[in-house]
Each structure stands twice: as C-alpha cells, then as structure tokens.
Amino acid sequence: MKKYAFYTPVQVADFLIEMMDCTDCQNIIDICCGSWNLLRSAKKYFPNAHITGVDVDGEVERFKLENADFYKGDGRDFALDCINESQKYDLVLSNPPFGYLEEGMRLYAYSNDCRIDKKLINKRYENEMLQANLLLAKQGGSLLFILPSTFIEGISNKKIRMVLGKQYNICSLFQLPKDIFGMSGISTWAMYLKNTQPDNRCVHVYRIEHAEDGYIRKEIKSVSRKYIKNGDWLGVNKEHKKNSLNIYRGNLHSKEFSDDGNRVLHCGVCESGKAWKPSVRFCHTNAGKKAKRGDIIINRIGKSAGYWYINEEEEILVSDCIIVIKSEGDSLIKSLIEQSDHHRLRIPIYGTTTQYITVEDIKKLDL
C-alpha cells in the first residue's frame, strides 16, 4: 500500500487541528499514522493526551512520539480488536490510503461482524478505513479525515454521505490546496465530525489557501443540515437548472475491442498544443450506442477528461469512456465554447489516480 502513501505536511496538520473545536482529549489515535504529522500536531494542542499510532508499515515507528504507543498492523483489524476490549478514543485522526481494493483485500466488505455498517463501505480503501475510524471514536468524540474530493463531491458516494449525515454531526469541511501532496495534484478535502447526533446548525464549508506565514481559510458557503442529511454536502446550486439535452454515455467496454471490425470512438490524450480528438478502436459487435455526424464527443475519463470534439463520422460506435451530446446545431456549440477553456469543459474533475467527469455535472451547465 506504499504507493498510496501521501503524508500530511506539518503546516497543514497544524492548521487543521487548530480549526477543530474539540476539547479535553485524553486519548488520540491515528491508524494510518505514516509520518505521525497529524499526531504530532495534536500533541501540541493536547500535550497531556496519550498518543497511539498504527500503520501497516513498521518502518514508520522511527517517527514515533515520545511516550506514544505504536502498533504495526492493519488499522481495520486494530479497530475491531479495540471494540472487543472496549477501547475508544476522544480524537481520531486519519489521512488513509486512497485507491481501489482488490477483492482479497476488502476486509470489511465480506465480514459478518454486525458492528460493521456495510452502507459505509465500497470497493475503495479509504471507505473501509473510514468505517474503522468511526468504530474507534467514543460517544461525543471528534474525528478528522483527509479524503479524496470524490468522497465529498462525487455522485458515487452520495449514499454514504447520507448515512454519515444522519448518524454523525458533520461540523465543517475544508477544501485543501492541490499541491499539499507534492506533484501528485490530488484533489482532497478534510472533514471534521463528531460522534454525536446531528444538530440543526449549518455546516461551514471552507477553502484552505496559502498565505505568507502558512495557511488561511476562506468560507465558501454554509450548507443547511437538510442538504447534509440528503448527501448534498456542498448544497445545491439553484442557479444551475438541469437542461433537456439528449446526453448519454457509451456502452462498449475495452474488453470488447479487437484488432479489426467496426470503428469505435474511445478516450484519448490531448497532446500539447493540439486540439483533442478521440482515439479510434475496433470491435466485432455493431449493437452498441452510436454517435452521428455533428454530435458532441466528450472524453469522460483519464488525463484529458472534460475535453470535447465535434464528431465528423456519419455514424460510429462509442465506448463507455465517451459521453455524447446529440447535435442541436450552432447554438449548442457556441454555449460549449463559452463554458470551456480550449475545448475543455469548466466542470468538476474527480478522481485521484484516475480523473473522470460525470454526465450529471455536464447537465448542470447552461446549455
């Protein structure tokens, strides 16, 4: 799992701990402690607290704080062991690994342990670690997570956000700078919540920005508890109205490609200084979804997600990496140009290791 190891910078860790309003923390834990930076920052604010670090990589013990405990192992196992021993924590910190889990690595997904809430987990590592951390928080305890932007913004995690919003008190959300994990450019958020019943207060959403002496926070919006419980953690932008475009995603998977046969438009890379064009593959079926001349072809996934192109083929199959908007003439193209930068749509681009866009975000454009 080392390929997912992105350590929280010291200044960011200090800033996030300072933004929390938790008090009287006697026991603090991080089950993906890595560099120990989150724990080190917490110790500054709670000098009398007992610190526990857990990590699958035994080498991180060299960063261990004085008088702290360290356990080498999977934090998910550790969380279940803690429950068996009735051990809970006042403050739970986590910058877990991001990425998909192979079937054999999904420890919680196939467990029959009734303490695991299956509604909170999917195929992603950070979601299983999220569940593990929630198990560790005592009633009234506080939790701080660093998670990929898709967790906060993505459609695929909406049901999980609904469960959290109804069972826990989401206190505040922080959009982090893209450069905090170096050249990776990963879009991340920090989420601060408490293991208490949700109150009626709005949730404040902040953007963390660089400043001369560290970081500052700027409030983006406040979101009513109604939207939080509904999984819409960033609220609903009433200025955007869903349009009536005929828009769809292709349905041919790359496993169906062959060396010859019918032509298929597929995702492609936008070369520097050149306009984006989809790549062309082949398959032996002719039963998939198709695009016609003049339809808008949008790259759905990869480094060139969001780029679009006007189809020049009379009729051609499209892969599931392509989104198609049926042609509506020059007015549609003009609107697309106005809401693009060099033929790349100004819409959210999700993903950590693999970038992607969604049909729903395209529908929110004023087209």
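I take a pocket to be an open set of points, on a 1 Å grid over the protein atoms alone, with protein on both sides within 12 Å along at least five of seven lines. The model is predicted, and local features need pLDDT of at least 70, side-chain atom pairs count only at pLDDT 80 or more, while totals for chains, interfaces and linings use all residues. Residues are numbered from 1 along each chain as its sequence is written, and side-chain values use heavy atoms, without hydrogens and water.

Entry 1: I looked up the largest pocket and found a volume of about 1,100 Å³ (the space filled by probe spheres set on the points). Its lining (residues with an atom within 4 Å of a point) has 35 residues, and Leu234, Pro348, Tyr350, Asp361 and Lys364 are the closest to the centre. I noted that α5 gives the largest share of this lining, three residues. Helices here are DSSP runs of H or I with at least four residues, and strands are runs of E with at least two.

**Entry 2: helix α6.** I then turned to α6, residues 158-167, where Ile160, Arg161, Val163, Leu164 and Gly165 are buried (under 20% relative accessible area, 1.4 Å probe, protein chains only). Their cover includes α4, α5, β6 and α7.

**Entry 3: the core.** Which residues have the most contacts inside the largest nonpolar core? I found Leu134, Phe151, Leu164, Leu173, Met191 and Trp233, in a core of 44 residues. Such a core joins buried Ala, Val, Leu, Ile, Met, Phe, Trp, Tyr and Cys residues through side-chain atoms within 4.5 Å. Helix α4 gives the most to this core, seven residues.

Key:
Buried < 20%, exposed > 50% of the residue type's maximum accessible area, 1.4 Å probe, protein only. Contact = heavy atoms within 4.5 Å. 1 Å grid on protein atoms, 1.4 Å probe; cavity = no way out; pocket = protein on both sides within 12 Å on 5 of 7 lines; lining within 4 Å.
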